[in-house]
Amino acid sequence: ELTRRHYSWIYRGEAALPDMPAPPSPVAGASAGNSGGYQWVPYDVLDTLIPGEIAAARKSIVMTDSVFVNHFRRTPVVPGVFLLQSMIDVCRALLAASSLPGVFWQPATMQAVRFQRRVCPGDTLMIEARIKDMDQQGASLTCEGRVGGERAMTLRSATFLSESALP
């Protein structure tokens, strides 16, 4: 089974994330992330942005994405790390719109990340992030990704810390 075999490290509970690049601009919609030489645009369009509540973004998966050049050539599937990056960037866009200008939000922990469906070229991924709790020091969010109404991935709990709360 693809999800458990390839993403088993996520199922061990909580995974701390390393330093991330600057967040995308919530107005511009997308930033180009670089992981392992691949260019990945976390989302194409930020459809909904209600500060303090919800953000929804859309990502069209196309065969011309550089991730498919040398990775999963026979059966192209978007690697989970790229999907997780998209979720993190949508969460960051929501937090940036919900806080004072210039505050940078660093992901601290991700709990209960689940990949329930393969995301392949031709799919349109809809990502929705919701704030559960937020103050000046940190925030807790949930995030979900769907393809054609079918759940593709979930993030039950993500904790972000503001730059002022970082050690």
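By class, four nonpolar, five polar and two charged residues form the lining of the second largest pocket. The structure is a predicted model, and the volume of this pocket comes to about 160 Å³. The lining draws on several stretches of the sequence: Ser-98, Ser-99, Leu-100, Val-103 and Trp-105 take part, as do Met-134, Asp-135 and Gln-136, together with Ser-162, Glu-163 and Ser-164.

Ser-99, one of the lining residues, sits in the loop that runs between helix H2 (80-98) and strand E6 (105-115). Two polar contacts were computed for the side chain of Ser-99. One is made to the backbone oxygen of Leu-95, at a distance of 2.9 Å. The other, of 3.1 Å, is to the side chain of Trp-105. When neighbours within four places in sequence are set aside, the contacts of Ser-99 are with Trp-105 and Met-134.

Leu-46 belongs to strand E4, which spans residues 45-50. The relative accessibility of Leu-46 is 17%, so this residue also counts as buried under the 20% limit. Along the chain, Leu-46 and Ile-127 are 81 residues apart, while 9.3 Å separates their C-alpha atoms.

For the protein as a whole, the secondary structure consists of two helices and nine strands. Their order along the sequence is α-β-β-β-β-β-α-β-β-β-β. The protein has 167 residues, of which 44% are buried. Of the contacts between residues at least 6 apart in sequence, 65% join residues that are at least 24 apart. The accessible surface totals about 8,500 Å², and carbon and sulfur atoms account for 52% of this area.

Definitions and conventions:
Residues are numbered from 1 along each chain as its sequence is written. This is a predicted model: local features need pLDDT of at least 70, side-chain atom pairs count only at pLDDT 80 or more; totals for chains, interfaces and linings use all residues. Side-chain values use heavy atoms; hydrogens and water are left out. On a 1 Å grid over the protein atoms alone, a cavity is a set of points where a 1.4 Å probe fits but cannot get out, and a pocket is an open set with protein on both sides within 12 Å along at least five of seven lines; lining residues have an atom within 4 Å of a point. Grid points are joined across faces, edges and corners, and a volume is the space filled by probe spheres set on the points. Ala, Val, Leu, Ile, Met, Phe, Trp, Tyr, Cys and Pro count as nonpolar, Asp, Glu, Lys and Arg as charged, and the others, Gly among them, as polar. Helices (H or I, at least four residues) and strands (E, at least two) are DSSP runs, numbered from the N terminus. A polar contact is a pair of N or O atoms within 3.5 Å; within protein, one must be able to donate a hydrogen and the other to accept it, and residues adjacent in sequence count only if both atoms are side-chain atoms. Contact means heavy atoms within 4.5 Å. Buried means under 20% relative accessible area, exposed over 50%, partly exposed in between (1.4 Å probe, protein chains only). Accessible areas come from the Shrake-Rupley method with a 1.4 Å probe; for residues, only the protein chains shown count as cover.
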